[in-house]
Amino acid sequence: MARRFRGSEEVKVDAKGRVSIPAKFRRVFEASDPDWQAGKRAQLVIVYGTRDWNWLQLFTIQAMEEIEDGIAAMPRGSAARNLLENIYQGHADEAEIDGDGRLVLPQKLREKIGLTDSAFFISAGDSLKVWTPEAYAEEERALEARVPELEPGADPLSLLAPATARDEG
């Protein structure tokens, strides 16, 4: 099983669009890049999505290969396959983490999400989402509003399906 990202970090964005990838996140990119070895640059894929996306999603090479295998298994010409190809292949760029642990975010991507001097990384399993801190704060409020009403003190893990249902699906 591939390593997963955990946690969140706010980092500075320099004038050239470089962001420092925290070490705990770099290790996941390295471990999930089949061609990576010490001294080489870890590869990743930046998905910037459709017009309404106001975040970037950084996928490990291994995660992107799984996504692309799933897309390739869909019927050619289907609306669903066309949509997924458009998002995950057409609206994506390959990138690498430099020797100083930085990732260069191209200007067109920074402009797309309104990124200026600060970026917020939040883990999403086998990917990281990159937001402006302000946009993420708004997204977090929206997420919380979509959560079904829980009994006071209830454990959010109660939202997971029982283990037998997860194992069958």
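Visitor: How many helices and strands does the protein chain have?
Guide: The protein chain has 6 helices and 8 strands. Helices (H or I, at least four residues) and strands (E, at least two) are DSSP runs, numbered from the N terminus. This is a predicted model, where local features need pLDDT of at least 70 and side-chain atom pairs count only at pLDDT 80 or more, while totals for chains, interfaces and linings use all residues. Residues are numbered from 1 along each chain as its sequence is written, and side-chain values use heavy atoms, with hydrogens and water left out.

Visitor: OK, and in what order do the elements run from the N terminus?
Guide: They go β-β-α-β-β-α-α-β-β-α-β-β-α-α. The C-alpha atoms fill a box of roughly 45 × 40 × 35 Å along the principal axes.

Visitor: What share of the residues is buried?
Guide: Of the 169 residues in the protein chain, 36% are buried. Buried means under 20% relative accessible area, exposed over 50%, and partly exposed in between (1.4 Å probe, protein chains only).

Visitor: Let's pick a helix. What about H5, how many residues does it have?
Guide: H5 covers residues 133-146, so 14 residues, and spans 20 Å from first C-alpha to last, close to the 20 Å expected at 1.5 Å a residue. The expected span is 1.5 Å times one less than the number of residues.

Visitor: Which residues of H5 are buried?
Guide: Pro133, Ala135 and Tyr136 are buried there. They sit on the same side of H5 because they cover an arc of only 150° around the axis, the arc being that of the directions from the helix axis to the C-beta atoms.

Visitor: And which exposed residues are on the face turned away?
Guide: That face of H5 carries Glu134, Glu138, Arg141 and Ala145.

Visitor: What covers the buried residues of H5?
Guide: The cover includes strands E1 (8-12), E7 (118-123) and E8 (127-131).

Visitor: How many of the residues in E7 are buried?
Guide: In E7, 5 of its 6 residues are buried. E7 pairs with E1 in the antiparallel sense over 5 bridges, and Ser8 has Ile122 of E7 as its bridge partner. Two strands pair if DSSP finds at least two bridges between them.

Visitor: How many bridges join E7 to E8?
Guide: There are 4 bridges, and E7 and E8 run antiparallel. Phe121 has Val130 in E8 as its bridge partner. The hairpin of E7 and E8 has 3 residues between the strands, and Gly125 takes a positive phi near 75° there.

Visitor: Switching topic: how many aromatic pairs does the structure hold?
Guide: The structure holds 9 aromatic pairs. Trp53 and Tyr88 form an edge-to-face one, 6.4 Å centre to centre with 70° between the planes. Rings of Phe, Tyr and Trp (its six-membered ring) pair if their centres lie within 6.5 Å; planes under 30 degrees apart count as stacked, over 60 as edge-to-face and the rest as tilted.

Visitor: Where do Trp53 and Tyr88 sit in the chain?
Guide: Trp53 is in the loop between strand E3 (43-47) and strand E4 (56-60), and Tyr88 is in helix H3 (residues 79-90), 35 residues apart. Trp53 and Tyr88 are buried.

Visitor: Which residues do the ring pairs link into a cluster?
Guide: Trp53, Trp55, Phe59, Tyr88, Phe120, Trp131 and Tyr136 are linked that way.

Methods. Contact means heavy atoms within 4.5 Å.
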